[in-house]
Each structure stands twice: as C-alpha cells, then as structure tokens.
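Trainee: Could you walk me through this one? I'd like to start with the strands and then move on to the helices and rings.

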Amino acid sequence: MGEKTRKEKFMEEALKEAERAFEKGEVPVGCVIVKNGKIVARAHNRAEELSDPTAHAEILAIREAASKIGTKNLRDCEIFITLEPCPMCAGAIALAGFKKVYFGAPNQKHGAVIGKFFTFEEYKIPWEHLGCKECSEILSEFFKSLRENE
C-alpha cells in the first residue's frame with residue numbers, strides 16, 4: 001500500500017480531534033490548521049463542555065492559529081475539517097481568508113459550502129470535499145448512540 005498523501009495525513013489529524021469530541025459527548029467534529037506543511041492549531045467541538053454555541057472546532061482552531069501566528073489573516077494557511085462547515089464557521093473561514101479549505105464529510109443539514117447557506121466563491125477561497133469515509137462514520141455513530149439513549 002502506498003504512502004498517505006499530505007491531505008490524508010492532515011485529515012487523519014482532524015479525525016483524531018473529532019474522536020476526542022465524541023469521547024466527551026460532543027458532536028464529533030475536528031479541525032486542524034496547517035501553515036507551511038505544519039499544524040499550527042487543532043481543535044474539536046466543545047460547545048457542550050463550554051456552554052458556548054460558538055465553540056465549534058473551526059472557531060476554536062481559528063482563534064488559536066490567529067493568536068499563534070499573530071494576525072487575523074490566515075491567507076498562508078489551509079484548514080482541514082471533518083465536516084463541511086456550518087454558516088457561522090464558513091463565515092469565519094472566509095473572513096480569515098484561508099488559502100484552501102478541505103472537509104471530509106458533507107453536512108446535509110447545515111452545510112455552507114456545497115449546502116444551501118453560503119459559498120466560498122464570493123471570497124475566492126478554494127475548497128475540496130475529500131470524501132472521508134471515517135469522517136461520515138463517526139458522525140453516524142454519534143447520532144445513532146444519541147437516538148438509542150433517548
């Protein structure tokens with residue numbers, strides 16, 4: 001079997017963050033931000049833990065990256081997310097001006113890239129759906145467990 005591509009490696013790191021969220025009972029979404037081939041920020045959903053509806057993986061990672069890099073403009077960075085961003089996160093990603101956005105699974109309900117709310121075309125931010133099977137599976141498993149515990 002061949003070596004993993006850089007995109008696969010970074011998505012795998014985002015998936016590790018999603019697994020951390022899953023273990024905490026959070027919606028399992030993970031995110032990593034990459035600059036010059038190195039991860040500069042990583043986060044997972046923490047909305048329940050922090051009682052904060054804005055504590056999505058992308059928002060937390062963007063805050064960390066901007067703080068570490070020392071600028072709100074993340075034009076030299078790529079962002080890898082296990083789930084297509086919601087409108088709030090897509091707006092933050094657009095305003096930060098990322099070089100490219102990668103996401104693993106489509107967000108049928110709240111997606112803002114290929115979904116119904118928002119497009120990155122206005123901000124000229126390229127994006128790529130990587131079709132990550134594991135990203136979709138962890139979400140399905142999480143919501144299935146919620147339904148079983150109702």
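Mentor: Strands β1 and β3 pair in the antiparallel sense over five bridges, where pairing takes at least two DSSP bridges between two strands and strands are DSSP runs of E with at least two residues, helices being runs of H or I with at least four, both numbered from the N terminus. This is a predicted model, in which local features need pLDDT of at least 70 and side-chain atom pairs count only at pLDDT 80 or more, while totals for chains, interfaces and linings use all residues. Residues are numbered from 1 along each chain as its sequence is written, and side-chain values use heavy atoms, with hydrogens and water left out.

Trainee: Which residue of β3 is the bridge partner of C31?

Mentor: The partner of C31 in β3 is I81.

Trainee: And how does β1 pair with β2?

Mentor: β1 (residues 30–35) and β2 (residues 38–44) are antiparallel over six bridges, with K35 partnered by K38 of β2. The two strands form a hairpin with two residues between them, and N36 in that turn has a positive phi of about 50°.

Trainee: How many residues of β1 are buried?

Mentor: Five of its six residues are buried, so β1 is mostly covered; buried means under 20% relative accessible area, exposed over 50% and partly exposed in between, with a 1.4 Å probe and protein chains only.

Trainee: Switching to helices, what is the angle between α1 and α5?

Mentor: Their axes cross at roughly 5° and come within 10 Å, the axes being lines fitted to C-alpha atoms over the stretch in contact, with angles from 0 to 180 degrees between N-to-C directions. That makes α1 roughly parallel to α5, a label for angles under 35 degrees, with over 145 roughly antiparallel, 65 to 115 roughly perpendicular and the rest oblique.

Trainee: Which residues make that contact?

Mentor: With contact meaning heavy atoms within 4.5 Å, M11, L15, A18, E19 and F22 of α1 meet E134, C135, I138, E141 and F142 of α5.

Trainee: Last topic, how many aromatic pairs are there?

Mentor: The search of the whole structure finds five, counting rings of Phe, Tyr and Trp (its six-membered ring) with centres within 6.5 Å, where planes under 30 degrees apart are stacked, over 60 edge-to-face and the rest tilted. One of them is the tilted pair of F10 and F80, at 5.3 Å centre to centre and 45° between the planes.

Trainee: Why does that pair tie together parts so far apart in sequence?

Mentor: F10 lies in α1 and F80 in β3, so the pair ties together parts that are 70 residues apart in sequence. F10 is buried at a relative accessible area of 10%, and F80 is buried at 0%.
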